[in-house]
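Colleague: Please take me through the secondary structure of this model step by step, giving the general idea before each case.

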Amino acid sequence: MRFITSLTRMWLTRTIQPFTFKNEYDRLLPFAECETLGLYVHIPFCKSICNFCPYCKVRYSAELCDTYIDSLIQEIHLVGSQHTERKKVTSLYFGGGTPALAAHRIKEIVAALKEHFIITEGIGIELHPDNVNVEVLQALKDAGVTKISIGVQSFCHKYQKLLGRKKLDTDKMLSALSAVPFETVSMDFIFALPGQTYDDLKSDIETAFSLGANHIAIYPFIDFTFTESPLAAMPKKDKRRLLDAITQYCLDMGYFRSSVWTFSSEPNASYSSMTRDTFLGFGCSATSLFKGQFKINTFDVASYCERISSGNLATALTIRFTKRQRMIYWLFWTAYSTRVNAKAFETFFGVPLKKMYGIELWLAKQFGLLKEQNGTYEMTLKGAFYYHYYENFYTLSYIDKMWGILRKEAFPKQIKL
Ligand code: SF4
């Protein structure tokens with residue numbers, strides 16, 4: 001598997017050089033030069049730890065959470081004050097962990113960010129289903145949150161049990177969501193669980209929309225090497241059949257496909273912290289992507305707080321991209337939306353997409369993976385499946401390795417991928 005991803009990387013970046021992440025530190029972050037910047041804040045606390053979850057998280061304690069948020073606010077001012085002018089940014093997303101466990105302090109974090117940034121496209125936050133009650137939702141709304149994403153994973157009791165989750169009270173969820181409305185209510189589901197059928201998944205989606213969701217995300221189950229999940233991955237053929245069938249169902253229902261795994265029932269409903277040209281991340285494990293580099297903060301909560309309290313940023317690793325590496329990174333995450341606009345590529349890189357990747361685009365069209373219309377390349381159903389399939393490879397070859405190391409070492413010397 002690693003062989004395929006390495007070959008593809010060498011071909012697309014036109015070099016045998018791997019992606020090299022080094023323990024390099026920059027006091028100043030080059031975010032002022034980024035035209036469309038998104039913000040991300042990581043809050044790594046969970047009441048209980050799910051065995052399938054690869055994200056950076058620790059068990060919740062009120063005291064630790066408060067100390068962490070004090071550090072987070074300090075980091076925001078450390079970074080934000082690097083430029084005197086308030087910078088316009090697109091969106092702000094809170095991820096975790098379970099950021100809604102700190103619902104009472106989200107307003108304070110947003111206020112700190114607003115001292116340095118002007119947020120133009122709303123604020124999103126992830127919730128555990130246990131957080132969906134009027135009190136928490138109201139606190140989030142008062143803090144300016146406009147989009148929520150609930151990590152349901154499955155409404156089906158059989159899969160809730162498999163995932164170590166308890167049965168959900170959908171009546172309670174419905175009444176809380178009706179009492180406190182948001183512009184986007186997204187629900188996350190895991191698909192390709194062992195034995196999961198089209199009907200199981202369809203029923204999850206129907207339930208989500210009936211409870212007031214206007215956006216859903218169906219993420220594939222990925223068996224990370226460092227998680228303790230006993231579940232086996234679904235065979236490729238079954239997975240493709242399931243993804244194609246459920247995609248077709250969503251399209252037949254008139255839902256808009258906003259990315260490989262997301263569908264919305266209303267045109268303005270969107271939830272994505274991933275498809276940004278550039279972004280700035282705060283908190284442990286948060287990443288920042290600039291025009292020519294990518295940075296990752298330490299995954300270790302204590303080391304994060306220590307670094308910030310000494311007045312230094314918590315960067316663990318930095319990669320300074322070659323031009324082709326940056327292009328591939330851009331294309332990979334832009335393609336997540338199932339569409340790549342040639343003009344947007346040219347605006348970002350100053351060179352036509354066709355000049356850099358004409359052969360690859362031609363081949364992708366010949367193999368029926370892409371269609372081109374007015375300068376926009378759109379994935380076909382087959383293309384979306386193979387993107388998803390390759391993304392799985394990429395996740396297991398690159399992210400699995402990197403996160404596996406970062407979970408053990410607060411500041412590793414170097415990681416080559
Ligand atoms: S799935 Fe959500 S609640 Fe479970 S451990 Fe991961 S972040 Fe925490």
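Modeller: Let us start with the hairpin of E19 and E20, which has two residues between its strands, and in which Asn374 takes a positive phi near 50°. Helices (H or I, at least four residues) and strands (E, at least two) are DSSP runs, numbered from the N terminus. Residues are numbered from 1 along each chain as its sequence is written. The model is predicted, and local features need pLDDT of at least 70, side-chain atom pairs count only at pLDDT 80 or more, while totals for chains, interfaces and linings use all residues.

Colleague: In which sense do E19 and E20 pair, and over how many bridges?

Modeller: Two strands pair if DSSP finds at least two bridges between them; here E19 and E20 are joined by four bridges in the antiparallel sense, and Leu370 has Met379 in E20 as its bridge partner.

Colleague: In what order do the strands of the sheet lie?

Modeller: The order is E18-E20-E19, an open sheet of three strands with antiparallel pairing. Its edge strands, each pairing on one side only, are E18 (339-341) and E19 (370-373). Neighbouring strands are turned against each other by 20° on average, direction ignored. E18 and E20 (residues 376-379) run antiparallel and share three bridges, and Asn341 stands opposite Thr376 in E20.

Colleague: Turning to the helices, how do the axes of H8 and H13 cross?

Modeller: Two packed helices are described by the angle between their axes and the distance between the axes. Axes are lines fitted to C-alpha atoms, for helices over the stretch in contact, and angles run from 0 to 180 degrees between N-to-C directions. For H8 (residues 236-252) and H13 (residues 381-408), the axes come within 11 Å and cross at roughly 130°. H8 is therefore oblique to H13, since angles under 35 degrees count as roughly parallel, over 145 as roughly antiparallel, 65 to 115 as roughly perpendicular and the rest as oblique. The crossing of H8 and H13 is right-handed (left-handed if the near helix is turned anticlockwise from the far one by less than a right angle, right-handed if clockwise).

Colleague: Which residues make the contact between H8 and H13?

Modeller: H8 contributes Arg240, Leu243, Asp244 and Thr247, and H13 contributes Leu381, Phe385 and His388, where contact requires C-beta atoms, placed from the backbone, to lie within 7 Å. These residues divide into three nonpolar, two polar and two charged (Ala, Val, Leu, Ile, Met, Phe, Trp, Tyr, Cys and Pro count as nonpolar, Asp, Glu, Lys and Arg as charged, and the others, Gly among them, as polar).

Colleague: What is the crossing angle of H7 and H8?

Modeller: The axes of H7 (residues 198-210) and H8 cross at roughly 35° and come within 10 Å, in a right-handed crossing. Tyr198, Leu201 and Lys202 of H7 meet Leu242, Ala245, Ile246 and Tyr249 of H8, a contact with six nonpolar, no polar and one charged residues.

Definitions and conventions: Two residues are in contact if their C-beta atoms, placed from the backbone, lie within 7 Å.
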